[in-house]
Amino acid sequence: MFSGKTKMAATNKSKVTRPITNIKKIIDRLEKVHPDAKLDLDFTHSLELLMALILAAQARDDLVNQVTVKLFKTYRTAEDYARAPLPALQEQIRKINFYRNKAKSIHNCCSEIVTRFGGNVPDNLDDLISLPGVGRKTANLVLGNAFGRQTIGVDTHVMRLSQRLSLTNNTNPDKIEFDLTSIVPEKQRVRFCHLLQYHGRRVCLAKKPRCPQCVIRTLCSYSEKTKG
């Protein structure tokens, strides 16, 4: 009975240690090939990032950056967005897909920021996710990139790569966030996400990953690796 318990404990410890060891190796190797990794949305403060993230849902970051150049000059505060006529705001972001819905989300979100938070973007998760159009991913990206908190923002790249690397068995972004939070060193969580995002765009592509060029291929258990 006691030997059985000892064996079980050792097995569980091994399951925990291996992903943590791999995380350190993954970060070190990706740092060498993606030293320029960062969030690709342009912003100067938390409100701009929040607006950019709402626009970026199912839209390219480079297109969002094109639109926000003028948008951020026109609307400088949450009150500016809240007071803007909806047709005018829609016209400003017309190049972005689902621009009508996103204009409503921006308007409603900023109205609540003004009413409930004195015009300031809240700096905690619970308040952020209480805003219209803001989910956990968006909230964590704002906290991590605008407020300096060490959070995990699970976008499509972070989701795909963490699954391929066997860092999680989950498909739900919230559960993936919790899995990664438990194994990624706290001081490196935001950086880890940036590295996965760049690696996902440049090498570990969704349809045909470039496995021969991948510096973390020996740490990856993905069953459909490409050979050429």
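Start by selecting residues 46-56, helix 2, and residues 61-74, helix 3; they pack at about 135°, with axes 10 Å apart. Helices here are DSSP runs (H or I, at least four residues), numbered from the N terminus. Axes are lines fitted to C-alpha atoms over the stretch in contact, and angles run from 0 to 180 degrees between N-to-C directions.

This is a predicted model: local features need pLDDT of at least 70, side-chain atom pairs count only at pLDDT 80 or more, and totals for chains, interfaces and linings use all residues. Numbering runs from 1 along each chain as its sequence is written, and side-chain values use heavy atoms, without hydrogens and water.

Now show the side chains at the contact (heavy atoms within 4.5 Å). Helix 2 brings Glu48, Met51, Ala52, Leu55 and Ala56; helix 3 brings Asp61, Val64, Thr68, Leu71 and Phe72. By class, seven are nonpolar, one is polar and two are charged.

Next, move to the largest pocket, which holds about 680 Å³ of space. A pocket is an open set of points on a 1 Å grid where a 1.4 Å probe fits, with protein on both sides within 12 Å along at least five of seven lines; lining residues have an atom within 4 Å of a point. Select Ala56, Gln58, Lys137, Asp155 and Thr156: of the 30 lining residues, these are the closest to the centre.

Finish with helix 8, residues 136-146. Helix 8 gives the largest share of the lining, five residues.

Note on methods:
Helices (H or I, at least four residues) and strands (E, at least two) are DSSP runs, numbered from the N terminus. Ala, Val, Leu, Ile, Met, Phe, Trp, Tyr, Cys and Pro count as nonpolar, Asp, Glu, Lys and Arg as charged, and the others, Gly among them, as polar. Grid points are joined across faces, edges and corners, and a volume is the space filled by probe spheres set on the points.
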